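Here is a short note for a colleague opening this entry. Please keep the viewer open while reading the points below.

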Amino acid sequence: MAIVDRVGSALEHGPGRVVLSSLDALFDWARSHSQWVMPMGTACCAMEMIASFPFTKFDSDRHGVIPQADPRHADVMVVAGTITRKMQPAVIRLYEQMPDPKWVIAMGNCTVSGGIFYYDTYSVVRGVDEFLPVDVYIAGCPPRPEAVQDALMQLREKIRQESIGPNTRHVRKLTLPGPGESRASVEPSEPGEVG
Amino acid sequence: MNIDELRDHLCGQYPDLCPLFSIEFGDGTLQVECRGLYDAAADLKSLGFDMLGMVTAVDRGEHFEMVYRLTSREMSVGMFLKCLVPRDKPHTRSLYDLWPAALWQEREVYDLFGIEFDGHPDLRRIMLPEDWVGHPLRKDYQDERIIKRPDYI
Amino acid sequence: MSGFVGGLVWGLAGGMLIALATVFGVWWERKVAGRIHMRIGPQTTGPAGLLQVPADTLKMILKEDITPAQVDVRVFRLAPHIVFVPVAMSLTVIPFASGFAPLNTSIGMLFFLAVPSLSVIGMLLAGWSSRNTYATIGGLRAAAQMISYELPRTLSVLSVVVLAGSMRPLEVMEAWRPWWILANAIGFLVYFISSIAEVNSIPFDLPQAESELVAGYFADYSGIRWGIFMMTEYGAVVAASLFGAAVFLGGWRWLPGAFGVVLFIALTLLLITAIIFVKWTFPRMRSDQLMTTAWKILTPMALVQLVIVGVIVPWM
Amino acid sequence: MSLQIEEQRQTEGPDGRPRQELVVNVGPSHPSTHGVGRVVVHLDGEVITKADMIIGYLHRGIEKMCENRTYLQVVPLTDRLDYVGSMYSNWAYCRAVERLAAIRVPERAEYIRVIVAEMQRIASHMMSIGSAAADTAAATLFIYSFDERERIIELFEELCGARLTYNYVRPGGVAFDLPEGWTDSVLEFTKAHRKALDLMDRMYFGNVIARGRLKGVAVLGRDDAVAWGASGPVARGSGVDWDLRKHDSYSVYPRFDFNVPIGENGDAYDRARTRLLECYESCSIIEQAIEQMPTGPHKVEGQPRLIMPRAGDAYDHIESARGSLGVYIVADGSPRPYRVKFRSPAFCNLALVPKLAVGHTLSDLVVVLGSLDPVFGEVDR
């Protein structure tokens with residue numbers, strides 16, 4: 001349990017709603033300016049994803065975005081490239097290994113909907129949102145590195161609107177789809193008011 | 001060496017293989033019985049075809065057609081070696097002993113077509129998960145997860 | 001102030017220094033690495049990206065602290081502290097200014113070399129308790145590497161001790177003469193290289209080896225526990241640079257008073273930058289090359305240095 | 001679909017006591033597998049006693065998809081095969097279609113194809129050398145070589161509007177003629193690129209640690225390379241003098257004067273350096289091609305979009321950055337191919353991993369993988 005859970009729940013039940021809002025501002029600033037990325041690159045999009053991380057031309061380190069190979073050290077998972085049915089359990093495992101709060105960016109048409117591999121193929125999962133809660137989608141086959149950076153900036157905007165209150169935290173339960181169902185059950189912990 | 005010289009060379013060395021050799025689209029093809037595939041391949045190897053470039057199969061309805069692409073470095077020429085495998089319980093002899101390159105390529109054919117290779121040391125699925133049902137590159141492969149592309153040419 | 005209270009105060013001060021040095025050091029490294037890579041580095045968070053590392057740190061504190069199901073929980077939670085504390089302790093013997101070292105003990109030189117190497121126990125525990133193959137290999141590699149490089153490092157510092165005739169850091173500094181730089185050139189090289197190995201920086205970052213072991217012995221740590229490992233790493237870089245700048249390069253001896261301290265900090269920064277340059281220039285070694293370097297190259301070099309000093313000292 | 005690794009084996013140590021192997025799972029998402037490959041290695045200490053390469057995590061069934069596309073619609077799919085060298089898959093596929101449908105390509109188109117293919121070779125080798133260096137933690141070289149690649153990508157973007165998936169080489173020619181002034185930019189690039197190559201050569205291949213890491217690792221004998229069907233820099237690093245551009249020449253390559261760099265020892269160092277030396281040769285081919293390039297149409301005039309070759313099968317191959325990339329098409333007289341098979345060089349080269357990795361340490365496993373330069377889009381298809 002992270003410290004933030006205790007802080008959040010203590011303030012929720014205490015008199016500290018006002019304190020919570022300024023804490024929100026501080027914490028959201030920290031989270032939004034330090035998006036460490038777990039590059040989940042599988043196919044073509046991985047090349048453009050690599051190009052958009054600290055490289056000479058598109059330097060995402062300017063905004064504090066650096067790649068981390070270990071899912072335990074990352075905040076944002078960028079799923080770049082086609083996800084096949086064989087790969088799907090590995091992606092879910094890696095997502096589960098990331099510590100909360102965590103976000104997912106679906107990069108490229110393959111991760112949005114299956115893209116060019118929508119028809120006629122037997123092994124491609126049509127979009128990562130079948131089994132992961134996606135925050136930002138990037139269209140393109142493959143998207144340009146600028147688009148990846150734009151997605152990170154949009155994710156920053158999204159993080160800024162979050163609260164550390166326990167109800168709106170990023171807790172989502174994931175289960176592997178069974179043989180009959182295609183869509184994983186994605187359920188927020190509790191439907192609560194937005195702080 | 002061009003393809004006609006190859007035919008002459010082959011006919012000179014192995015007269016019994018000569019009638020099975022044909023030329024189409026500028027490429028030589030040796031169509032053999034699958035029983036004699038291994039021996040024909042061994043003959044071709046001793047003829048100078050030292051690289052096994054490609055192993056694949058084609059679903060021809062009644063049969064599967066095994067296609068081997070052989071390349072000779074010293075003659076700078078390539079050719080096909082083909083044989084027909086019956087559809088029920090398809091199996092043929094592995095060429096792993098002649099060219100280790102067949103190791104993965106035959107696994108791929110096994111995975112996607114379901115053709116078994118006798119004498120293959122490690123015949124497992126390679127592309128698809130171990131628990132996959134069916135062999136997708138067969139023309140009669142059924143999978144409800146496939147969405148057929150609308151037909152607009 | 002003495003005894004327990006003094007230790008507590010200086011220990012806390014050491015911890016704070018490490019924290020501050022880490023905040024600045026990470027920013028500096030990212031900027032320098034950016035220059036090496038022909039890019040900018042942190043830029044938009046705060047002026048010149050200076051607030052980038054505070055934001056990272058705050059975020060790291062707020063992250064979920066995962067204790068995986070398979071780990072040995074108590075050891076897993078304890079390990080980061082075992083790594084951190086010895087490095088913070090080692091800062092207490094550094095002669096920061098004329099007549100001022102927080103812990104002016106008669107075995108200060110030995111203390112600085114011996115205590116931080118205790119953190120290898122923490123690394124081993126972290127790797128072992130994670131029950132993760134990568135972490136286990138990383139922990140074992142860390143143990144082998146740090147113990148191997150203790151020897152050349154200690155021998156190289158020994159030559160300074162022989163020259164000064166004392167193991168008390170302040171007395172060594174008082175006895176320091178500019179020509180020691182030349183006399184100790186080989187020893188300084190050995191100290192610099194083995195320090196890089198001690199702080200697990202490239203080309204000696206085998207215990208972490210991002211491209212092989214993903215993150216090595218802290219692969220299963222997240223949140224602030226991982227932050228402690230990161231902080232220790234930079235703290236060790238700062239401690240090694242401070243010590244090297246003092247006893248090998250003379251530190252504050254060149255200029256009087258406060259100017260000397262400023263120069264000392266500048267020399268330290270120079271060494272830190274050198275370590276960063278090495279980090280972003282060289283590939284990583286393999287474990288057998290690592291051992292060869294330690295036992296067949298650096299240790300003989302340090303012994304040669306000791307012989308040179310041994311010849312010089314009777315003539316002093 | 002289990003991610004579990006197999007049971008650890010009990011072996012007997014030299015002193016007769018039972019010893020348990022450490023089984024380490026590398027991948028499918030690992031920083032050094034260059035994609036989604038997975039290797040399960042059995043370790044004795046840090047020495048690999050058994051390695052099992054598992055692929056297929058990117059198997060998208062492209063060959064099945066091709067059977068429901070027209071011949072022209074397959075071209076974008078070939079882009080996604082080898083995503084580091086899309087031009088090669090385009091070209092190899094188009095050559096096979098042209099052989100089937102008996103299309104004669106205009107000379108200017110052939111020259112343009114050669115130029116883009118050689119540029120693609122540089123781009124692909126830059127990626128390969130850089131990522132192999134990054135596996136040994138030389139991140140800076142990766143960034144420098146990626147920067148060189150980025151320049152080529154910019155030129156390609158100017159040429160066909162895409163950075164990665166070009167869809168540029170089409171049956172019967174190329175999609176667009178060269179933009180105005182493009183060849184001058186290319187010549188400027190080749191001039192600057194030679195200097196960058198010199199820098200990389202000094203920085204990495206002259207570095208004592210890098211030489212220690214690469215030399216003597218993953219040694220592949222010449223006979224083994226041939227028997228295992230290795231091609232491209234992997235085979236040439238082992239001393240196999242086999243380059244389709246030279247020895248089974250196609251297109252307009254006979255008109256150019258270039259060398260084929262050959263390694264001696266067949267280790268990771270020779271492979272990587274063969275790639276570096278090939279970049280020099282590619283620069284020279286590009287310059288010669290631009291000098292000799294004729295004017296004329298860039299594609300066959302009046303070529304119908306719906307290609308319907310007569311029934312039959314054809315195979316054609318080109319020398320891609322990874323080796324001989326072949327395409328085998330079976331036509332049945334309809335507008336769609338009956339069967340398309342891509343003979344992928346990376347697939348054949350990668351089959352060597354279990355053989356090459358045994359006896360080396362875990363640190364060398366990433367060097368072995370990097371030296372074979374797999375692109376999993378092409379391996380798994």
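1. Start with a charged pair. B:Glu108 and D:Arg381 join their side chains in a salt bridge, with 2.5 Å from N to O. This is a predicted model. In total, six salt bridges are found across the interface of chain B and chain D. That interface also holds 14 residue pairs in polar contact, with both residues at pLDDT 80 or more.

2. Which elements of chain B supply the side that touches chain D? Strand 3 (51-60), strand 4 (63-72), strand 5 (77-86) and helix 3 (102-113) of chain B each supply at least two residues. Strand 3 of chain B gives the most, with ten residues.

3. Now the extent of this interface. 49 residues of chain B are in contact with 47 residues of chain D. The two chains bury about 4200 Å² between them, and carbon and sulfur atoms give 58% of that area. On the side of chain B, the residues that lose the most area to chain D are B:Phe25, B:Trp104 and B:Met127. Together these three account for 20% of what that side buries. Five pairs of chains are in contact, and chains B and D share the most contacts among them.

4. Turn to chain A and chain B. Here nine residues of chain A are in contact with 15 residues of chain B. The buried area is about 1100 Å², with 64% of it on carbon and sulfur atoms. How many salt bridges are counted between chain A and chain B? The count is zero. Polar contacts are present, though: four residue pairs are counted, both residues at pLDDT 80 or more.

5. One pair of chains stays apart. Chain B and chain C do not touch. The nearest C-alpha atoms of chain B and chain C are 24 Å apart.

6. Next, a sheet in chain D. The sheet is open and has three strands, in the order 3-4-5, with antiparallel pairing. Why is one side of strand 3 and of strand 5 left without a neighbour in the sheet? Strand 3 (22-26) and strand 5 (47-54) of chain D stand at the edges and each has a single partner strand, so one side of each has no neighbour in the sheet. On average, neighbouring strands of this sheet are turned by 20 degrees against each other, direction ignored.

7. Look at the pairing in that sheet. Strand 4 (residues 38-44) of chain D is joined to strand 5 of chain D by seven bridges, and the two run antiparallel. Within strand 5 of chain D, D:Asp52 is the residue opposite D:Val40. Another chain packs on this sheet: helix 6 (residues 133-164) of chain C touches strand 3 and strand 4 of chain D. The direction of helix 6 of chain C makes about 115 degrees with that of strand 3 of chain D.

8. Then D:Ser320, in strand 8 (residues 312-320) of chain D. Is D:Ser320 buried or exposed? D:Ser320 has 0% relative accessibility, so D:Ser320 counts as buried. A polar atom of the D:Ser320 side chain lies 3.1 Å from the backbone nitrogen of D:Arg322. Beyond four places away in sequence, D:Ser320 touches D:Tyr88, D:Arg121, D:Leu325 and D:Pro345.

9. In chain C, check C:Gly223, which belongs to helix 11 (residues 223-247). C:Gly223 has a relative accessible area of 3%, under the 20% limit for buried, so C:Gly223 is buried. Leaving out residues up to four places away in sequence, C:Gly223 touches C:Met60, C:Lys63 and C:Glu64. C:Trp179 is 44 residues from C:Gly223 in sequence and 48 Å from C:Gly223 in space, C-alpha to C-alpha.

10. Last, C:Ala209. Where is C:Ala209 found? C:Ala209 is in the loop between helix 9 (185-198) and helix 10 (210-213) of chain C. With 0% relative accessibility, C:Ala209 counts as buried. Apart from neighbours within four places in sequence, C:Ala209 is in contact with C:Arg141, C:Val214 and C:Arg284. C:Met173 and C:Ala209 are 36 residues apart in sequence, and 37 Å separates their C-alpha atoms.

Definitions and conventions
Residues are numbered from 1 along each chain as its sequence is written. Chains are lettered from A and ligands numbered from 1 in the order in which they are written. This is a predicted model: local features need pLDDT of at least 70, side-chain atom pairs count only at pLDDT 80 or more; totals for chains, interfaces and linings use all residues. Side-chain values use heavy atoms; hydrogens and water are left out. Two strands pair if DSSP finds at least two bridges between them. Helices (H or I, at least four residues) and strands (E, at least two) are DSSP runs, numbered from the N terminus. Axes are lines fitted to C-alpha atoms, for helices over the stretch in contact, and angles run from 0 to 180 degrees between N-to-C directions. Contact means heavy atoms within 4.5 Å. Buried means under 20% relative accessible area, exposed over 50%, partly exposed in between (1.4 Å probe, protein chains only). Buried area is the accessible area (1.4 Å probe) that two parts lose on being put together, summed over both. A salt bridge is a side-chain nitrogen of Lys or Arg within 4 Å of a carboxyl oxygen of Asp or Glu. A polar contact is a pair of N or O atoms within 3.5 Å; within protein, one must be able to donate a hydrogen and the other to accept it, and residues adjacent in sequence count only if both atoms are side-chain atoms.
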